[in-house]
2 protein chains.
Amino acid sequence: MDAATEAVLGANAAFYAAFNDRDTASMDVIWARRVPVSCIHPRGNLLTTRGQVMASWFALLANPAQARIVAGGECVSVHGDVAIVACRELVAGTPVVATNVFVLEDGHWRLAHHHGSLVELES
Amino acid sequence: MDAATEAVLGANAAFYAAFNDRDTASMDVIWARRVPVSCIHPRGNLLTTRGQVMASWFALLANPAQARIVAGGECVSVHGDVAIVACRELVAGTPVVATNVFVLEDGHWRLAHHHGSLVELES
């Protein structure tokens, strides 16, 4: 595994760790600041401002009923300063699939876009 | 609008035009060949090879019952040779939201990743 892929996988893991630790400060750091960010939660519509995106995550982190996410099966493709991670999530036993797009900002991979959706069909 | 954004929007429109025209040759051209491609259809799991991805689209295009996609509301962010398009789709009246990640190959924006999911919650 090359260094960039390893770093992207580290950033992806940090994103899920921030979620599971309900760590709002880390979640805020993980999201990009110099490029537009956007997010689509399972069953949700498109969120297109950093304010909307972070508010959605902080609400999830503040919800005591929110289950942890077990993430795995990452497929990573790095294209210069942008990386696409497609991975699987299990949320309280519900299968979810996610797209996480990272961009390199000041040497750190930051999340620019997240898209999560429920897996309901065999494929 | 800058030239890159305009070109990316053109590629995004060509993707939906190929779908609506049931044009398998154009759909094949639109998808990248030099980088890994991946795709997540609404309710579906992650498809991770070009063969799997193209087979899934050809099956949709060959299905006489498949509705057209009306796409709009595109949000584009271009990062060098990679571009993220988040957009809305209407498929037989069903709201869908999509992530389309394009990469520049030989001067053409090609699709490297598509993720579509149903919108079922207000946001």
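Which residues have the most contacts inside the largest nonpolar core? In this predicted model, the largest nonpolar core has 62 residues, and those with the most contacts inside it are Ala83(A), Phe102(A), Ala83(B) and Phe102(B). Chain A contains an open sheet of six strands with mixed pairing, and chain B likewise contains an open sheet of six strands with mixed pairing.

- The strands of the open sheet in chain A follow the order S2-S1-S6-S5-S4-S3, and its edge strands are S2 (46-47) and S3 (69-79), each of which pairs on one side only.
- Strand S4, covering residues 82-91 of chain A, pairs with strand S5, covering residues 94-105 of chain A, in the antiparallel sense over ten bridges, and within this part of the sheet Cys87(A) stands opposite Ala98(A) of S5(A).
- S5(A) is also joined to S6(A) by ten bridges, with the two strands running antiparallel, and here Asn100(A) has His114(A) in S6(A) as its bridge partner.
- The hairpin formed by S5(A) and S6(A) has two residues between the strands, and in this hairpin Asp106(A) takes a positive phi near 50 degrees.
- Strand S1 (residues 38-40) of chain A pairs with S6(A) in the parallel sense over three bridges, and the bridge partner of Ile40(A) in S6(A) is His115(A).
- Eight of the eleven residues of S6(A) are buried, so this strand is largely enclosed by the rest of the structure.

**The sheet of chain B**

- In chain B the order of the strands in the open sheet is S2-S1-S6-S5-S4-S3, and S2 and S3 stand at the edges with a single partner strand each, so one side of each is left without a neighbour in the sheet.
- S3(B) and S4(B) run antiparallel and are joined by nine bridges, and Cys75(B) stands opposite Ala86(B) in S4(B).
- The loop between S4 and S5 of chain B holds Ala92(B), a residue that is exposed, because 10 other C-beta atoms lie within 10 Å and a residue counts as exposed at 12 or fewer.
- Ala92(B) and Val37(B) are 55 residues apart along the chain, and their C-alpha atoms are separated by 27 Å.

**Helices**

- Helix H1 (residues 3-20) of chain A lies across S3, S4, S5 and S6 (108-118) of that chain, and runs at about 150 degrees to S3(A).
- In chain B, helix H1 (residues 3-20) lies across S3, S4, S5 and S6 of chain B and runs at about 150 degrees to S3(B).
- Leu60(B) belongs to helix H3 (residues 50-62) of chain B, and this residue is partly exposed, with 15 other C-beta atoms within 10 Å.
- The C-alpha atoms of Leu60(B) and Phe19(B), although 41 residues apart along the chain, are separated by 8.5 Å.

**The nonpolar core**

- In soluble globular proteins, nonpolar side chains tend to be buried together.
- Ala83(B), one of the residues with the most contacts inside the largest nonpolar core, touches Val8(B), Val76(B), Ser77(B), Val78(B), Phe102(B) and Trp109(B), not counting residues up to four places away in sequence.

**How the two chains are related and meet**

- The contact takes 32 residues from chain B and 32 residues from chain A, and on the side of chain B that touches chain A, strands S1 (38-40), S2 (46-47), S3 (69-79), S4 (82-91), S5 (94-105) and S6 (108-118) of chain B each supply at least two residues.
- S6(B) provides the largest share of that side, five residues, and the residues of the side divide into 16 nonpolar, twelve polar and four charged.
- Of the interface residues of chain B, 100% are also interface residues in chain A, so the copies meet through the same surface.

How values were computed. Residues numbered from 1 in each chain as written. Chains lettered and ligands numbered in written order. Predicted model: local features only at pLDDT ≥ 70, side-chain atom pairs only at ≥ 80, totals over all residues. Pairing = 2+ DSSP bridges. Helix = DSSP H or I, 4+ residues; strand = E, 2+ residues; numbered from the N terminus. Contact = placed C-beta atoms within 7 Å. Axes fitted to C-alpha atoms, helices over the stretch in contact; angles between N-to-C directions. Nonpolar A, V, L, I, M, F, W, Y, C, P; charged D, E, K, R; others polar. Buried ≥ 20, exposed ≤ 12 C-beta atoms within 10 Å, placed from the backbone. Core = buried A, V, L, I, M, F, W, Y, C linked by C-beta atoms within 7 Å.
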